[in-house]
Amino acid sequence: MECHIARATRPRQTLTRTALVAVLVAAAVVAAPGLVRAESNVQTGAGSLTATAHLDFQIVIPRVLFLQVGTGTYLTTNASVDRIVFDLTGTPAIIGNSAQQTAISGGDVSPGVVSARVIGNSFAAAANLTATTGGALSNGAGNTISWSEIAITTAAGVPATGTNLAHPGTPNLADAGSTTVSLTPVAKVINQTAQWTFKYKNTTVPPAGTYGATGVAPANGRVTYTITMP
């Protein structure tokens, strides 16, 4: 007895290399819906034809707050601290004669003159620029010179922004604590510049010594400027 097992045959399927590439490309496009593709439009036929294509644009601006007093680069952090120096060593005859003295050094514009700038782009209301001292300038021997002896004037900054940045507490800084100036935003933006000039009023005859200089107590020679954008 013969036993015959019939095996069903299936039609042969052939995929050429070209077709395979086409299938893989199509699958990649479907699998990557975020793939950027340029838009194009073609029209054919008789009569007037109009083709339309589009481009979408997006600009992202981060929240930013920038404060510069003295040496600095636009929208860049700089750790340098300028030191404004008044030295009457070579002119003792004028000490206490009320003739204002120009600084001999310090300041990124010229001796005693500094650049000042505030830029912030997310202010919902006016904000205070604050200047804080740790006390009157001291010579470390128990003698002091009041911050009221420092004259402050303001001129247009570079670049001029239309609104000069006022110095907090002009004309005087506090001997201990803070003085402030209110800055008003326009469309949530504060962009104000100035050049601040500092001079020594020279209205008293202090005991000999070097007052300030170190920037920390007990010399109290440093002013800290602060602005906050909520």
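Reader: Why is tyrosine 200 called buried?
Author: Its relative accessible area is 9%, and buried means under 20%, with exposed over 50% and partly exposed in between (1.4 Å probe, protein chains only). So 9% lands tyrosine 200 in the buried class. Bear in mind that this is a predicted model, where local features need pLDDT of at least 70, side-chain atom pairs need 80 or more, and totals for chains, interfaces and linings use all residues. Residues are numbered from 1 along each chain as its sequence is written, and side-chain values use heavy atoms, leaving out hydrogens and water.

Reader: And what makes phenylalanine 86 partly exposed?
Author: Phenylalanine 86 has 23% relative accessibility, so it counts as partly exposed.

Reader: How many aromatic pairs are there, and why is the one between phenylalanine 86 and tyrosine 200 called tilted?
Author: There are three. In this one the ring centres are 6.2 Å apart and the planes sit at 40°. Rings of Phe, Tyr and Trp (its six-membered ring) pair if their centres lie within 6.5 Å; under 30 degrees is stacked, over 60 edge-to-face, and the rest tilted. So 40° makes the pair tilted.

Reader: Why is the pair of tryptophan 196 and tyrosine 225 tilted too?
Author: Here the centres are 5.5 Å apart and the planes at 35°, so the pair is tilted.

Reader: How do you know that asparagine 202 is buried?
Author: Its relative accessibility is 0%, so asparagine 202 counts as buried.

Reader: What makes its link to asparagine 97 a polar contact?
Author: The side chains of asparagine 202 and asparagine 97 come to 3.0 Å. A polar contact is a pair of N or O atoms within 3.5 Å; within protein, one must be able to donate a hydrogen and the other to accept it, and sequence neighbours count only if both atoms are side-chain atoms.
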